[in-house]
Amino acid sequence: MRKGSLFVVSAPAGCGKDTILNELFKRTDKAGYAVSATTRAPREGEVNGVHYHFLTREEFERKIAKKEVLEYTEYCGNYYGTLSKSVNDLLEQGKDAVLKIEVEGAMNIKKAFPKACLVFILPPSWEALEKRLRDRGTETEDKIVERTNQARREVEFAANYDYLIVNDDLSEAVDDLLAVFRAERLRRVRNDELLKRFK
C-alpha cells in the first residue's frame, strides 16, 4: 500500500483556511486532518480529539520529553503542537496527513521532514483581508489592526512554501488545493516503488 505524504497548510487569520480544508475533506477520502494538541481549555462546542487533543501542561511536557511531539510552540501561556501519532496513524493508512499550523511550526516541520509539502493560502488583497475580518463582527478595530499586522509578518514566510493559493473564490481555492495534492502524489520521489515494478 502506498504510504501517505505530509502536507502543511498555513494562512493568516481571515484567509479561509478552515473553510477550504473542510471542503477539501468533503471531496477526497485520500487525506485526513492530523489533529493538533494544546494545553488551552476547550472552547464551547469543541470536542477532544476532533478540534484538538486537549492535554494538561504536564502531559504535553511529558510528550515533548519522550519525543512524541513533532513541533510545538508556546502562545499566550499555552502549548500548541503536532503529535507524532496523529501524523503517523494517517500515513500508515495510506492517507495524506494535513497539518494546519502557523508559519513557525511549518518551518520546523520542513526542517524535520524535508519532503513535506508546504501550502500557503493568501487573501486576494490586504483590503479584502481587512473586510473579511470586519465582516466577522467579532473583532474590535484594534484587534483587526493587530491581526492585519500579524498577517503581514506571516506572509513574509510565504516565500519558503512550495505552493501559494489565493482564496478569492472558495471553489477555485479548493480545486487548487486538490490539484496540489494530486501533483504531489505523482512526484517521482514519492513513487520509487512504482519504478521498481518495471525493473
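**Pockets, a sheet and a salt bridge**

Mentor: Let's start with the largest pocket, which holds about 1700 Å³ of space. Keep in mind that this is a predicted model.

Trainee: Happy to. How do you know which residues belong to the lining of the largest pocket?

Mentor: A lining residue needs an atom within 4 Å of a pocket point. In the largest pocket, 44 residues line the space, and those nearest its centre are Ala13, Lys17, Tyr52, Glu102 and Arg147.

Trainee: Which helix or strand supplies the largest share of that lining?

Mentor: Helix α6 does, with seven residues. At least two residues each come from several elements, including α1 (17-27), β5 (69-75) and α6 (141-155).

Trainee: What makes up the lining of the largest pocket by residue class?

Mentor: There are 17 charged, 16 nonpolar and 11 polar residues.

Trainee: On to the strands. What makes β5 and β6 a pair?

Mentor: Pairing asks for at least two bridges between two strands. β5 and β6 are joined by six bridges and run antiparallel, so they qualify as a pair. One of the contributors is glutamate 71, whose bridge partner in β6 is threonine 82.

Trainee: Why are β4 and β5 called edge strands?

Mentor: The open sheet has four strands in the order β4-β3-β6-β5, with mixed pairing. β4 (53-54) and β5 each have a single partner strand, so one side of each has no neighbour in the sheet.

Trainee: Which helix lies across β3, β4, β5 and β6?

Mentor: That is α2 (residues 57-65), running at about 45 degrees to β6.

Trainee: Last one: why is the contact between lysine 26 and glutamate 23 called a salt bridge?

Mentor: The cut-off is 4 Å between a side-chain nitrogen of Lys or Arg and a carboxyl oxygen of Asp or Glu. For lysine 26 and glutamate 23, the closest N and O atoms are 3.0 Å apart, so the pair meets the rule. By this rule the count comes to 16 salt bridges.

Trainee: Where do lysine 26 and glutamate 23 sit relative to one another in helix α1?

Mentor: They are three residues apart in helix α1, which means about one helical turn separates them.

Technical notes
Residues are numbered from 1 along each chain as its sequence is written. This is a predicted model: local features need pLDDT of at least 70, side-chain atom pairs count only at pLDDT 80 or more; totals for chains, interfaces and linings use all residues. Side-chain values use heavy atoms; hydrogens and water are left out. On a 1 Å grid over the protein atoms alone, a cavity is a set of points where a 1.4 Å probe fits but cannot get out, and a pocket is an open set with protein on both sides within 12 Å along at least five of seven lines; lining residues have an atom within 4 Å of a point. Grid points are joined across faces, edges and corners, and a volume is the space filled by probe spheres set on the points. Ala, Val, Leu, Ile, Met, Phe, Trp, Tyr, Cys and Pro count as nonpolar, Asp, Glu, Lys and Arg as charged, and the others, Gly among them, as polar. Contact means heavy atoms within 4.5 Å. Axes are lines fitted to C-alpha atoms, for helices over the stretch in contact, and angles run from 0 to 180 degrees between N-to-C directions.
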